[in-house]
Amino acid sequence: MKKLINNLMYVTLFAVALTFTSCQEEFEEVNGNNQETLEAGSSTALLIEKTSSNDGSFDNIVDGASCFALKFPYTVNVNGIDVSIDSEEDLQTIEDIFDEVDVDEDILEILFPITITYADFSELVIENKEQLRELAAECVEGGDDDDIECIDFVYPITLFTFDINSQQTGEVMVESDEQLRKFFDGLEDGDLVSIEFPITLKKFDGTEITAGSNAELAQALEMAEDECDEDDDDDFNDDDFDEERFDFCLTQCPWLVKEVVRDEVNQTDQYFEYLMTFTEDGGVTVKDREGNILNGTWSSSFTDRGPLLTLEFDTLVDFNLEWLVYEIGDHTIKLYAEGGNKIIMKQLCEDDVPEPDTLREILKECEWIIKKVKNQGEEIERLIGFEFKFLPDGVVTLSDGDTTSEGTWEVGPNNEGIPSLLITMGDEPGVSFDWPLRDLNDTRLRFEVDEIDYELILLRVCDDNANDGDVVEIRTTLMDGAWNITEYVEDNVEMTTEFDGLDFYFNEMHRVQVDENDNPIIEGLWRVIRNHDNELKFFLNFANDAKFGEITDDWYIESVTANKIVLVHEDENSTEILIFEKI
C-alpha cells in the first residue's frame, strides 16, 4: 500500500481542466461508464476522512482528551496501585478501582514517557505530565470535534486510482480506519479515486446500511454525523444524559438489583436480584425473589452534578431517597446518596435472554464436557473433562469414562427470567445447583452467579469428535505405546524430576494409566477435543491425587508429532508447559 501511495504523490492531475458543477467535480464518470471517481479534497472525501479518524475519547479516564489516545501498552498508578494497560478492556480496571470507594478523591498518575496517537494516526512521544496537559487543553471537547463516530466502515474496501486521462493506475485494498485515513491523507488536491461499490457501513446502534454510489455514501455519512452522543467530554462515566434520554434508558427494560448499601450497612443479601420495572407514568414495580410484587413511584430531575432519581415506596424504605446517578452505561446504573448509601442495578432486556426451549434442545443434541466448575470461588478440578449427557426424559449422567453418576435435570426461567439449568445429582454435589445461563452458542455454554462466584463452563462434543480428523489422529498417536513426561515447567520453575521413571498409557474410554517399574500406581481421565475457538485441547485429570493433581488441567495443544506432544496452559496467575515423549 505504501508503494501505491508514494506513486500517487508523483501523479499530476490538472483539476483546472475539469469544468463541472460542484457535484460533478466529486462524482465524475470514468470513460463514460458508471464507475464514478472521487476528487481528493472534495466534501465527500473529507467526510470519509472524518469517519475513518482515530477516536480519542475512549480513554478519557486516563488523558482527559478526546482528540488523541494513548498508545498501548502503558502503565498508570491508580490510587497507589500500578495497572498495566494493554488494551481498551483494561481501562475498566481503572474505573473498578475508582468505584471501590465511591465519591472519594481518586488519583491517577501516568508513568512517562508515553506515545499518543492523533486523529490522523500520527504519533508523538510525550515525556511528562505538563506536556500532556498542554496538548489536552488544545482539544475541542463536548462533541464539536471533526471526527464522525456514529457510523463506521465495514472492511475490506477496494479503492482505484486514476491518471490525468482517467485511466486506472492502481488498486488498493484497505482493511482498517488507519489505512483508509492514511490513504486519503497521502493524496494531493485534485487526485482522483474511485470506490468499489457496494460497501457496508455500521451505525452506532448496530444496524448496517449499504451504499451503492458516492452520492449514497455522502448522504449516509452526513446523516450520521449528529445521530448519537459521541461522549467527547473529558470525563469517563457515561452520564451524559438529558432528561428525555435518561427517562427512556430507565424505562426501556427492567433492572436487577445487584448491590444495596443503606446508612453504611450492606443490605445486598436482603434485596439481591429483586427485579425493578420503571414505567413512563412514574410508577415502579419491584418483584422479589419469591415473586411478590411491591409498588412505588419514581421521578427524575437534573442538576449540575447530573441526574437525580427519587424513589418512594411504602415498604421498601431502604430505597426511599433522592439518589444521584453517578454512573450509567454498559447496562449498569449506579446510584449514590450521602451518608453511605448506594444501589447498583443491571439492565435485563428481552433480547439478552435466550428462550428456555433453545437451551433445552441444545443440551440434548450432544455430549458436554466440563471445562470449568467453581463453587463459592473454589475451582473443582476433580471434575475437569467429565462428560454430561442430558437425556430426553430428564435424566442426566456424568462420567469420567470409568464410573457414571446419574441424576435429573430441567430447564426453566429463574427469578430474573433467565433460563437456568437445574441439576440434581445426589452423589456429586459439585454440579448440583440451579445454574443461570450467561453465554450460549452452539459449542459452548457458560452458567454463572457472579455475586457468589459460582461458574460452570461446558464444551459441546458430538459423537466423541469422531468426524474430526485431527482429533482422531492425535488420539490414535497417543494410544500407540507408552509415554514419559520429559518436561514440566510452571512459572519458569522446573518440576520435571517429580515424574521421572513414570510411564503413561493413554487407553480407550478416555482412561490414562500411570506405571512405575511396570506396576500401575494411578488412573485418571484424558481427552482430546476441539473447543469453541477451533483450538485443539487436551484434558488431563488426576485431581484426587496431590502429586498428579499438579498436571490436572485443560491444556492447549501447541504441537504434536508421532513421538512428541507439547501442551501449554496459561491463565492470569501462571504459565505451565508439559511435554510428553514416546518411549
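Five bridges join strand 4 (residues 74-78) to strand 5 (residues 81-85), and the two strands run antiparallel. This is a predicted model. A search of the whole structure finds 24 salt bridges.

**Strand pairing**

- Strand 4 and strand 5 form a hairpin with two residues between them, and Asn79 in its turn has a positive phi of about 50°.
- Strand 18 (residues 283-287) pairs with strand 19 (residues 293-303) in the antiparallel sense, over five bridges.
- Thr285 has Asn295 of strand 19 as its bridge partner.
- The hairpin of strand 18 and strand 19 has five residues between the strands, and there Gly291 takes a positive phi near 90°.
- Strand 19 also pairs with strand 20 (residues 306-313), again in the antiparallel sense, over eight bridges.
- Phe302 stands opposite Pro307 in strand 20.

**Salt bridges**

- Side chains of opposite charge can pair when their charged atoms come close.
- The side chains of Asp554 and Lys371 meet in a salt bridge, at 3.4 Å from N to O.
- Asp554 lies in strand 39 (residues 553-560) and Lys371 in strand 24 (residues 367-375), so this pair ties together parts that are 183 residues apart in sequence.
- Asp554 counts as buried because its relative accessibility is 5%, under the cut-off of 20%.
- Arg530 forms a salt bridge with Asp470, with the closest N and O atoms 2.9 Å apart.
- This pair links distant parts of the chain, 60 residues apart: Arg530 is in strand 37 (residues 519-530) and Asp470 in helix 12 (residues 469-478).
- Asp470 has a relative accessible area of 39% and is therefore partly exposed.
- In the salt bridge between Arg262 and Asp263, the closest N and O atoms are 3.7 Å apart.
- Arg262 is buried, with a relative accessible area of 15%, whereas Asp263 is partly exposed at 49%.

**Surface patch**

- A patch of negative charge on the surface gathers Glu379, Glu381, Asp491, Glu558, Glu570 and Asp571.
- Asp571 sits in the loop between strand 40 (564-570) and strand 41 (575-582).
- With 40% relative accessibility, Asp571 counts as partly exposed.

**A buried residue**

- Ile116 lies in strand 7 (residues 114-118) and counts as buried, at 0% relative accessibility.
- Ile116 and Gly56 are 60 residues apart in sequence, and their C-alpha atoms are 9.4 Å apart in space.

Definitions and conventions
Residues numbered from 1 in each chain as written. Predicted model: local features only at pLDDT ≥ 70, side-chain atom pairs only at ≥ 80, totals over all residues. Heavy atoms only, no water. Patch = residues over 30% accessible without salt bridge, like charges linked within 9 Å, V, L, I, M, F, W, Y side chains within 5 Å. Areas by Shrake-Rupley, 256 points an atom, 1.4 Å probe, with all protein chains shown as cover. Salt bridge = Lys/Arg side-chain N within 4 Å of Asp/Glu carboxyl O. Lys, Arg positive; Asp, Glu negative; His and termini not counted. Charge placed at Lys NZ, Arg CZ, Asp CG, Glu CD. Helix = DSSP H or I, 4+ residues; strand = E, 2+ residues; numbered from the N terminus. Buried < 20%, exposed > 50% of the residue type's maximum accessible area, 1.4 Å probe, protein only. Pairing = 2+ DSSP bridges.
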